[in-house]
Amino acid sequence: MQILETAHLRMPRLGLGTWPMKGEECTQAVISALGLGYRHIDTAEMYGNEEAVGAGLARSGVARGEIFLTTKVWNDKPKGDAIRRAFDASLKRLATPYVDLFLIHWPSPELDLADALKTLAALRAEGRAKAIGVSNFPPKLLQRAIGQGVGLACLQVEHHPLLDQSALRRICAAAGMVLTSYSPLGKGNVPSDPVLQGIGRKHGVTAAQVALAWLMAMPGVSAVPKAASPARQAENLAALDVKLDAGDLAAIAALPKDRRYVNPGMAPDWVNG
């Protein structure tokens, strides 16, 4: 498994996303992924599957210390005291004494950024969150968060061959942060692109593997594709071995980069926020 390492974080480059899996399906997906060699599992309070993820970790037979586990606090907790209570509840549901990465899931207009990040830093100091970060922060808000000086390790955002996140990637690189790509297959839309399919035929791989390989070719980028079946999990994992050439990368660069598939009503202003 490829590893990304920064001053604040050491994480497997490819992980298992678990949204929107629930219950035994989610537990079995976690067990299967860990059996195949995944060591990075991504969940969140809002997913409603932390107990199922925790059960999968416990039943997998893989030592907790070998697994990189991320969870996130929902945006209805704008201040530190509520975030701390939510964090405690997440650990209880996950049945683990710590998480490897704890993120603010979405910003909200009510978010007390300084207080929230102070609490995240305190949880890290306590050893219960090994690293801290944010998710779905647009460029200006991310720069404000970095400016708080708490040592953010990661930004998690939608990112795939049809959505440009180069501005956020530059900010993360300058701050020594990892950018984790969620929905790296554009909620299933990306693999139907004919350019990616053509590149896949050239290399004898799937368009989905091409999309993941494109992300894996970027410095400081990780990805957490959701996959329930062992076959799809294995397919995604094999993307780590796909090597795209300069022509492939140029063809992907020429694709439209404005296809955002995760844009709920509560989302921030992606350009000016």
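Helices α1 and α9 are oblique to each other, since their axes pack at an angle of about 40 degrees; angles under 35 degrees count as roughly parallel, over 145 as roughly antiparallel, 65 to 115 as roughly perpendicular and the rest as oblique. The axes of α1 and α9 (residues 230–238) lie 10 Å apart. Axes here are lines fitted to C-alpha atoms, for helices over the stretch in contact, with angles running from 0 to 180 degrees between N-to-C directions. Helices (H or I, at least four residues) and strands (E, at least two) are DSSP runs, numbered from the N terminus. The model is a predicted one, in which local features need pLDDT of at least 70 and side-chain atom pairs count only at pLDDT 80 or more, while totals for chains, interfaces and linings use all residues. Residues are numbered from 1 along each chain as its sequence is written, and side-chain values use heavy atoms, with hydrogens and water left out.

α1 passes α9 in a right-handed crossing (left-handed if the near helix is turned anticlockwise from the far one by less than a right angle, right-handed if clockwise). On the α1 side the contact (heavy atoms within 4.5 Å) is made by A29, S32, A33 and L36, and on the α9 side by P230, Q233, A234 and L237. Sorted by class, that gives six nonpolar, two polar and no charged residues; Ala, Val, Leu, Ile, Met, Phe, Trp, Tyr, Cys and Pro count as nonpolar, Asp, Glu, Lys and Arg as charged, and the others, Gly among them, as polar.

Helix α1 (residues 23–36) also packs against α2 (residues 50–60), at about 40 degrees and with the axes 8 Å apart. That makes α1 oblique to α2, and the crossing of the two is right-handed. G23, E24, C26, T27, Q28, V30, I31 and L34 supply the α1 side, meeting A52, V53, A55, G56, L57, R59 and S60 of α2. The tally for the contact of α1 with α2 is eight nonpolar, five polar and two charged residues.

The peptide bond from W19 to P20 is cis, with omega near 5 degrees. There are three aromatic pairs in the structure, where rings of Phe, Tyr and Trp (its six-membered ring) pair if their centres lie within 6.5 Å, and planes under 30 degrees apart count as stacked, over 60 as edge-to-face and the rest as tilted. One of them is the tilted pair of W19 and Y47, at 5.3 Å centre to centre and 40 degrees between the planes. This pair links distant parts of the chain, 28 residues apart: W19 sits in the loop between β3 and α1, Y47 in the loop between β4 (40–42) and α2.

Strands β7 (residues 132–135) and β8 (residues 154–158) run parallel and are joined by three bridges, with G133 opposite C154 in β8.

S183, in the loop between β9 (178–182) and α7 (194–203), has a phi near 45 degrees, a positive value in a residue other than glycine.

Technical notes:
Two strands pair if DSSP finds at least two bridges between them.
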